[in-house]
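I set down what I looked up, entry by entry.

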Amino acid sequence: MTATQAATALSLHDVSAGYGAEPVVTHVSLEARRGRWLAIVGPNGAGKSTVLKAVAGLVPRRGTVLLDGTDTGRLPRKDLARRIGYAPQNPALPERLTVTDYVLLGRAPHLGTLARESASDVSVVEDALTRLDLHELAGRRLGTLSGGEAQRAVLARVLVQRTPLLLLDEPTTGLDIGHAQTLLERLDQLRREDETTVVTTLHDLTIAAQYADELVLIDRGGVVAAGTPSQVLTTERLREHYAADVEVLTTAGGNPVVVPVRPAGTR
Amino acid sequence: MLRTRSRRTAAHTTRVPAHTTRLTPLAVAVAVAVLVVAALFGLLIGPGELAGNRVLAEILAQLTGGLSPLSEAEAAVVWQLRAPRVLLAALVGAALAGAGAAFQGVFRNPLADPYLLGAGAGAGMAVTALVVFAPAVTAWSLGPVGPLPLAAFAGALLGVGLSWMLGRSAGGAGTAGLLLAGVAVTAFLTAIQTFVQQLDTDTLQQVYTWTLGGLNITGWTDVWLALPYVAFAGIVLVASARLLDLLTLGDAEATSLGVRPGRIRLAVLSAASLATAAAVSVSGLIGFVGIVVPHLVRLLAGASYRVIVPLSLLGGSAFVIMADIVARTIMPGELPLGVVTAFAGAPFFALVLRTNRERLS
């Protein structure tokens with residue numbers, strides 16, 4: 001199947017969301033295809049995180065969010081949690097909890113309110129720890145992990161939810177370029193193996209262009225462009241919406257690369 | 001043979017994952033052993049002439065159906081004075097330590113204690129008002145239950161109820177509004193208590209003694225009074241332990257995992273407040289138990305509420321039994337129990353904090 005033929009997994013129709021009288025995002029419509037990676041990009045405060053929260057049902061919203069054709073507004077919380085895995089930009093990491101304790105919490109959507117984890121829940125967790133190379137760290141407390149290790153633990157916690165859709169808000173926050181690449185490669189591998197639909201916000205446009213199949217550019221709470229990375233990332237558009245002096249170059253492989261520039265003569 | 005064994009080992013490791021913080025039989029056994037030893041000392045030790053070995057013989061006689069070695073008066077000391085007091089200490093300790101653990105979980109704040117939402121201030125106000133305005137009533141006998149415990153119980157629930165309503169209207173479903181409401185309600189009710197107290201300084205002693213806490217009881221009435229609340233709260237809190245762990249992730253993440261943080265908070269805080277009110281009604285205000293015991297458990301046994309809640313219930317019981325032994329034997333008359341829990345608990349806590357420094361960081 002090519003990108004254009006993949007079925008729609010997630011679609012937002014005219015979604016407005018946010019707290020208070022003034023919604024942070026307004027009239028957003030977008031689609032994510034099954035098994036693909038969609039990156040939401042845009043300047044600070046554009047409403048990227050709010051779009052993810054709206055999909056996850058974590059902020060008041062209007063409009064329709066369809067997941068495999070089902071209106072998520074009608075789904076009970078627990079059903080929603082079996083279909084959508086969500087990790088915020090700065091997840092709470094209770095520092096004295098062990099990695100395994102933490103990852104096991106991700107099985108909550110599959111447990112009755114007062115139930116305990118069964119053997120199958122435990123094997124799902126062990127599988128996730130293995131896939132994310134966390135076995136060595138299984139007994140470590142969260143407070144002792146490095147940034148990259150912590151992000152992997154968060155990914156494992158979301159992974160054990162076994163959801164067809166992952167919403168990850170800036171999964172590389174605080175990581176250097178090498179650790180960010182390692183994490184995104186792992187995420188991409190998981191996506192391909194499980195045919196998971198991945199929606200991330202990413203602030204680094206070059207990185208976003210390399211990993212995402214499609215980009216949605218958001219500014220001031222609305223969608224201003226959507227399409228493949230090379231369609232969305234144009235010099236004019238970025239200058240307009242980021243108020244930035246940038247140049248969009250293209251690599252030999254055809255990937256757009258966003259380079260900041262300074263006006264000639266300032267240095 | 002070898003193959004069978006290795007297969008069994010494999011099956012075992014998939015059932016109980018390594019590196020999870022769970023209640024181990026060993027931890028429970030240790031906690032129960034400490035509790036039993038504390039209770040035994042509680043029965044053996046006390047003011048008066050009764051020798052410990054004779055009490056021991058009496059306990060053995062009761063357990064085996066043998067002949068009691070004690071006189072009727074001595075048996076009454078053991079079974080009508082010491083035994084109910086030990087049991088009440090256990091209930092109060094379990095209630096305060098369990099409630100403290102629950103409050104710390106719900107508010108994600110290590111300094112939260114059972115009195116945070118105004119249970120203590122409400123009870124104090126109600127008791128003071130009764131003593132000052134209706135001293136005659138305090139002598140009434142309302143069936144088996146005295147008026148002071150009833151007033152304290154009602155006052156504690158009033159304090160928590162006010163905090164809950166104020167917190168809901170001010171801060172919505174989050175914890176910050178509730179926390180601030182608790183602070184405001186506590187300050188307000190304490191101000192009322194102080195004002196009422198100033199109207200009649202003659203009763204200062206009576207109110208002051210109540211405030212410092214104590215288990216000076218005769219007979220079993222107070223035990224039966226507190227037992228159902230503490231048992232109910234204990235069951236609810238142990239059953240909610242996994243949900244408390246989920247709350248430590250914050251509301252957004254807990255919600256995304258399919259649970260409703262607001263409902264968990266309501267259930268857990270209701271149960272914990274009921275237990276606190278029951279404890280306050282039979283023992284006054286006993287500080288520090290709700291903070292020191294859950295933290296000791298956290299340091300020694302792990303950070304999951306599946307461990308913290310049950311071990312706090314057991315550890316709180318043992319701690320208050322031991323503190324009460326000190327309270328009734330260290331000097332003629334009695335030392336207020338709240339003084340002992342703080343006096344003994346604080347240095348011990350500091351010591352454990354020191355020895356676990358690297359685990360904290």
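Entry 1. I began in strand β12(A), where P260(A) is the bridge partner of V246(A). Strands β11 (residues 246-250) and β12 (residues 256-260) of chain A run antiparallel and are joined by five bridges. I count two strands as paired if DSSP finds at least two bridges between them. Helices (H or I, at least four residues) and strands (E, at least two) are DSSP runs, numbered from the N terminus. Five residues lie between the strands of this hairpin, and G254(A) there takes a positive phi near 95 degrees.

**Entry 2. Basis of the model.** I note that this is a predicted model, in which local features need pLDDT of at least 70 and side-chain atom pairs count only at pLDDT 80 or more, while totals for chains, interfaces and linings use all residues. Residues are numbered from 1 along each chain as its sequence is written, and chains are lettered from A and ligands numbered from 1 in the order in which they are written.

**Entry 3. The annotated domain.** I found that UniProt, in an unreviewed entry, places "domain: ABC transporter" at residues 10-245 of chain A. UniProt positions are given in the numbering used here, feature names are shortened, and annotations may be inferred rather than shown by experiment.

**Entry 4. The six-stranded sheet.** I traced an open sheet of chain A with mixed pairing, in the order β6-β7-β8-β3-β9-β10. Strands β6 (84-87) and β10 (222-227) of chain A are at the edges with a single partner strand each, so one side of each has no neighbour in the sheet. From one strand to the next the twist averages 15 degrees. Strand β9 (residues 214-219) of chain A pairs with β10(A) in the antiparallel sense over five bridges; the bridge partner of V216(A) in β10(A) is A226(A).

**Entry 5. The four-stranded sheet.** I also traced an open sheet of chain A with antiparallel pairing, in the order β2-β1-β4-β5. Its edges are β2 (25-33) and β5 (70-71) of chain A; each has a single partner strand, so one side of each is left without a neighbour in the sheet. Six bridges pair β1 (residues 8-17) with β4 (residues 61-67) of chain A in the antiparallel sense, and H13(A) stands opposite T64(A) in β4(A). Helix α1 (residues 48-56) of chain A lies across β1, β2 and β4 of chain A, at about 110 degrees to β1(A). Axes are lines fitted to C-alpha atoms, for helices over the stretch in contact, and angles run from 0 to 180 degrees between N-to-C directions.

**Entry 6. A helix pair in chain B.** I found the axes of α2 (residues 25-44) and α15 (residues 305-329) of chain B within 9 Å, crossing at roughly 20 degrees. The two helices, α2(B) and α15(B), are therefore roughly parallel to each other (angles under 35 degrees count as such). Among the residues that meet are L35(B) and F41(B) from α2(B), and L314(B) and I321(B) from α15(B). Contact requires C-beta atoms, placed from the backbone, within 7 Å.

**Entry 7. Chain A against chain B.** I noted 29 residues of chain A in contact with 23 residues of chain B. On the side of chain A that touches chain B, α2 (77-83), α3 (99-104) and α4 (119-131) of chain A each supply at least two residues. The largest share, five residues, comes from α4(A).

Note on methods. Parallel < 35°, antiparallel > 145°, perpendicular 65-115°, else oblique. Contact = placed C-beta atoms within 7 Å.
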